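Here is a short briefing on one protein chain. Look at the structure first, then read the points below.

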Amino acid sequence: VERKTDPAIEAAIDATWREKQREAEEANRSLYNGRQGRLIQSAVGEDGELRLTIGETDYRDFVGTNLYNAHLHRTYGDAYFANVVGTSASVITADGYLVYGRRGERVLFHRGYLHTFGGTLEEEDQRADRRFDVFGAVRRELREECRVTDDEIVEIVCTGLARDRQIVQPELLFDAHISLTRRELLSRFDAASDEEHTALESCHDVPEGIVPFVERSAPVAPVAVGAMLLHGRGTFGHEWYERACCELFGDVPEQWG
């Protein structure tokens with residue numbers, strides 16, 4: 001199912017892409033219009049398995065809809081948006097730490113925010129049968145952003161599907177357990193050569209550690225907050241999740257992002 005078109009939407013995409021190309025050139029930053037995976041439909045089966053129907057779109061359409069013209073969603077809705085599927089991982093080290101990245105100034109969105117590690121479904125994540133390998137996409141991002149090898153990834157678990165209300169982008173959330181300690185992981189990070197992050201930040205993976213970490217780490221990307229809460233719900237239970245939501249939001253929200 002292809003994205004629907006409308007003259008106003010196409011004009012906004014074209015103008016935004018031209019502007020971001022100019023900004024990228026001025027900042028000596030690359031901006032590539034690659035093919036990406038677009039969420040068409042999601043459903044949970046009777047077996048509890050999350051099933052996604054994913055089509056194709058490109059980065060230009062994503063920049064011109066979700067990233068910088070999300071306000072148009074109220075008028076046009078999902079059918080006209082790129083809705084590129086994001087893949088976001090909380091990294092859990094062998095010695096019991098949750099690790100996230102502080103985004104730098106060279107990224108297009110959420111500059112300066114603490115965020116999960118990840119990106120979006122790209123053309124290289126699509127197999128010969130045209131299905132997207134979402135777990136493979138997470139592994140690729142961990143290799144690129146954390147310098148973690150495949151044999152150092154112990155387990156990757158999908159914790160849920162969220163939507164960032166600010167940019168209405170669907171985001172698959174994962175827990176990525178690695179065999180490295182926090183010290184070993186930090187030793188591989190080099191802020192001078194990292195194009196996305198200025199620092200790695202962490203907290204103990206314990207019930208009393210996550211909420212204070214969110215509070216003292218502001219600004220934190222909404223998706224990262226969601227990832228931490230879903231990690232905590234799966235690890236510490238639903239009562240912890242409800243209590244954490246109340247501490248952070250004053251209530252248990254039906255949707256957050």
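Contact means heavy atoms within 4.5 Å. Helices (H or I, at least four residues) and strands (E, at least two) are DSSP runs, numbered from the N terminus. Buried means under 20% relative accessible area, exposed means over 50%, and partly exposed is in between (1.4 Å probe, protein chains only).

This is a predicted model: local features need pLDDT of at least 70, side-chain atom pairs count only at pLDDT 80 or more, and totals for chains, interfaces and linings use all residues. Residues are numbered from 1 along each chain as its sequence is written, and side-chain values use heavy atoms, with hydrogens and water left out.

**The whole chain**

- The chain has eight helices and nine strands.
- Its radius of gyration is 18 Å, close to the 18 Å that the globule rule gives for 257 residues, so the chain is as compact as a globular protein of that length. The radius is taken over C-alpha atoms, and the rule is 2.2 Å times the number of residues to the power 0.38.
- The C-alpha trace spans about 50 × 45 × 40 Å along its principal axes.
- Buried residues make up 48% of the 257 in the chain.
- Take the contacts between residues at least 6 apart in sequence: 62% of them join residues at least 24 apart.
- The accessible surface is about 12,900 Å², and carbon and sulfur atoms account for 45% of it. Such areas come from the Shrake-Rupley method with a 1.4 Å probe; for residues, only the protein chains shown count as cover.

**Charges**

- There are 30 positive and 47 negative side chains. Lys and Arg count as positive and Asp and Glu as negative; His and the chain ends are not counted.
- The centres of the two sets lie 3 Å apart. Each charge is placed at NZ of Lys, CZ of Arg, CG of Asp or CD of Glu.

**Helix H2 and Gly64**

- Helix H2 covers residues 59-67 and is mostly covered, with eight of its nine residues buried.
- The buried residues are Tyr59, Asp61, Phe62, Val63, Gly64, Thr65, Asn66 and Leu67.
- What covers them? Their cover includes helix H1 (7-26), strand S1 (35-44), strand S2 (50-58) and S8.
- Gly64 sits in this helix. Its relative accessibility is 2%, so Gly64 counts as buried.
- Beyond its neighbours within four places in sequence, Gly64 is in contact with Ala12, Ile13, Thr16 and Asn69.
- Gly64 and Ala11 are 53 residues apart along the chain, and their C-alpha atoms are separated by 9.1 Å.

**Helix H4**

- Helix H4 has 13 residues (134-146) and should span 18 Å at 1.5 Å a residue; its end C-alpha atoms are 18 Å apart, which agrees. The expected span is 1.5 Å times one less than the number of residues.
- Its buried residues include Val134, Ala137, Val138 and Leu142. Charged ones are among them too: Arg140, Glu141 and Glu145.
- The buried residues of H4 pack against strands S3 (86-92), S6 (117-120), S7 (153-164), S8 (169-178) and S9 (197-204), and against helix H5 (182-187).

**Backbone details**

- A cis peptide bond joins Ala218 and Pro219, with omega about 0°. Pro219 is in the loop between helix H6 (210-216) and helix H7 (222-236).
- Asn83 is not a glycine, yet its phi is positive, near 50°. This residue lies in the loop between helix H3 (73-76) and S3, and is buried at 2% relative accessible area.
- Val168 also is not a glycine and has a positive phi, about 45°. Val168 lies in the loop between S7 and S8, and is buried at 11% relative accessible area.

- His231 is in helix H7. Is His231 buried or exposed? At 1% relative accessibility, His231 counts as buried.
- Leaving out residues up to four places away in sequence, His231 touches Ile92, Leu98, Asp175, Asp205 and Ile210.
- Arg188 lies in the loop between H5 and S9, and is partly exposed at 26% relative accessibility.
- Among the residues that Arg188 touches, not counting those up to four places away in sequence, are Cys146, Thr149 and Leu180.
- Glu123 lies in the loop between S6 and H4, and is partly exposed at 47% relative accessibility.
- Glu123 and Arg106 are 17 residues apart in sequence and 23 Å apart in space, C-alpha to C-alpha.
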